[in-house]
Amino acid sequence: CSLIWNKKKQSAHPTVWYWKAICYQKLQDHKEANHFFEKAIGTGVFPKEIYYQYGQSLFADNNVSEARKYFNKSWQSGIKPGHSLFYIAYTHQLDNQYEDAIKYYKQLNQLGKIDPNIKQAANFQLGQVYLASTEEQHKDEKKDVVNRVIPQMQKAIDSDPDSQLAREIKKRILEIQLKYGLSTSWQSGLQAKPYVVMLNQNFEYDSNVTLTPDMTTNTTAVDKSSPVTKTKLFGKYSFGVGEKLKTSPELRINFDKYLATNEPAIYRNDELFLAPSIRNAYQNSFFGVESSLLIDFEYSYAQRDYLMTKQLDYYGKSYTFILGENLQLASWGQSIVKGKSQKYYSYSSINDSSTLTVNLTQFMKLNNKRLLLCIMDYSIYDASNNQNDSATWLIRTDYFMPEIWNKTTFQMGMMLAFLDTKLQKSTRGTEKKVNPLVKLTRDLSNDVDMSLQYEYTKNISKDKSHYDYDKHVVGLSFKLQF
């Protein structure tokens, strides 16, 4: 935009200021735009459209309360009433003024002629406000999600099921269902997509490749680095059986390929891993709290280049039975308790083993949609070769900060593990492992995201020459979800 300021024509100043503001707004220089909008309004000579345009510029400059004032004037002047009401409601929503936001979203829905895209967005955001309001009050959250939040979002989808926003709303509903244990249509009345297919492609650099024989805890480092590609395919289909049982067959396929092909100690880690499973959740009541009984069965089959011949051979298989309970004892998050029994069969019977595990997973909802995930795990490993018997305590926490910047989620985590080496304790002692990580995930589209991750591992052992090591892993990954 270019403007000529004629100082001799004072009467042209309001028009000039208005068009300078419009030009700066198009250039996304909102501070300058706001300056000239204010000057133009100060003259009293301006088109009524300026209220809406000034409101948009103030909103883009994060001046939410002042923007709301001009959207109000725009609405009262009959300028873009649907859009103006939407921004009035949305600014109240951003300021956590939920009652006012609900009032204006509902008022928008009562308008006659309105842009259907704005109406769909308003209905979706009204559902978001219902959710934020009920989570703030910490009262009957799950009931309110089922009876008010999800039906409101479904109403938004129904207004235009084929729109781009409808796809985003469906993803949001699935997130809410997962959070509240309502991941199927028979629980919430929502005809949600019953299947999930995900493809992950990871590119990593490992500064010190480690080797874990079979399912043992005898992890050693080879003191050599390597790039590695990791391809992961996951598929799941969920369906209801009656009114209370949900069944989900799953399949996981992982393929790890180390690119240091001239180092046998490294490429012996090349692996193909197949893991089908059946997961069942039966809706019940646990000490008066609505919950789900979890009954899962997992099978895994692995091929690995353990002979260092640059081809994959049968390495081992396992059968795992899991019994657990998913419940919400507190308003701030779900608790999952599981017991696992696993039987592992190696290519060599001397490496067969059994493992018993007790696991507690706790979700903690925090302000601003942030989430803290805590995991405690205790495992007893019983090997055919008693020298490899062990017991492990594991504690892990992950902190998730969604939307820290432009569809980007930040995650940081820390894992601590204590390994009782039992018959090897005289040489290895009680080993400690520390594993912090940081991760940034950016949504590239509704179906694709990209992640950057760094993690550090330090294993502390009395046996410095074999089991004491540290390593750094940096990675770039892409995930496609259908």
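How many residues lie between strand 13 and strand 14 in their hairpin, and which residue in the turn has a positive phi? The legends below take up this hairpin and then other close-up views.

The model shown is predicted, so that local features need pLDDT of at least 70 and side-chain atom pairs count only at pLDDT 80 or more, while totals for chains, interfaces and linings use all residues. Residues are numbered from 1 along each chain as its sequence is written, and side-chain values use heavy atoms, with hydrogens and water left out.

View 1. Strand 13 and strand 14 form a hairpin with 6 residues between them, and Glu403 in the turn has a positive phi of about 55°. Helices (H or I, at least four residues) and strands (E, at least two) are DSSP runs numbered from the N terminus, and two strands pair if DSSP finds at least two bridges between them. Strand 13 (residues 390–401) runs antiparallel to strand 14 and is joined to it by 11 bridges; Met401 has Phe410 of strand 14 as its bridge partner. On strand 14 there are also 13 bridges to strand 15 (residues 430–443), again in an antiparallel arrangement, and here Met415 has Asn435 of strand 15 as its bridge partner.

View 2. Lys422 is placed in the loop between strand 14 (408–420) and helix 12 (425–428). Although Lys422 is not a glycine, its phi is positive, at about 50°. Its relative accessibility is 38%, and Lys422 therefore counts as partly exposed (buried means under 20% relative accessible area, exposed over 50% and partly exposed in between, with a 1.4 Å probe and protein chains only).

View 3. Strand 7 (residues 271–286) pairs with strand 8 (residues 289–304) in the antiparallel sense over 14 bridges, and Ser285 stands opposite Glu290 of strand 8. Strand 8 pairs in the antiparallel sense with strand 9 (residues 313–330), over 14 bridges, and in this pairing Ser291 stands opposite Leu327 of strand 9. The loop between strand 8 and strand 9 contains Met308, a residue that is not a glycine and yet has a positive phi of about 60°. With a relative accessibility of 34%, Met308 counts as partly exposed.

View 4. Arg304 belongs to strand 8 and is buried, because its relative accessible area is 10%. Its side chain makes a polar contact of 3.5 Å with the side chain of Tyr315; a polar contact is a pair of N or O atoms within 3.5 Å, where, within protein, one must be able to donate a hydrogen and the other to accept it, and residues adjacent in sequence count only if both atoms are side-chain atoms. With neighbours within four places in sequence left aside, the residues in contact with Arg304 (heavy atoms within 4.5 Å) include Leu211, Arg268, Asp270, Glu271 and Asp313.

**View 5. Ser335 in strand 10.** Ser335 lies in strand 10 (residues 333–346) and counts as buried, because its relative accessibility is 8%. The side chains of Ser335 and Gln362 are joined by a polar contact of 2.4 Å. Apart from neighbours within four places in sequence, Ser335 is in contact with Glu325, Asn326, Leu327, Thr361 and Gln362.

**View 6. Trp75 in helix 4.** Trp75 is part of helix 4 (residues 64–76) and is partly exposed, with a relative accessible area of 23%. When neighbours within four places in sequence are left aside, Trp75 is in contact with Pro81, Ser84, Leu85, Ile88, Tyr104 and Gln107. A distance of 70 Å separates the C-alpha atoms of Trp75 and Gln311, which are 236 residues apart along the chain.

**Context for the views.** The protein chain has 12 helices and 17 strands, and its C-alpha atoms fill a box of roughly 95 × 55 × 35 Å along the principal axes. Of its 482 residues, 44% count as buried.
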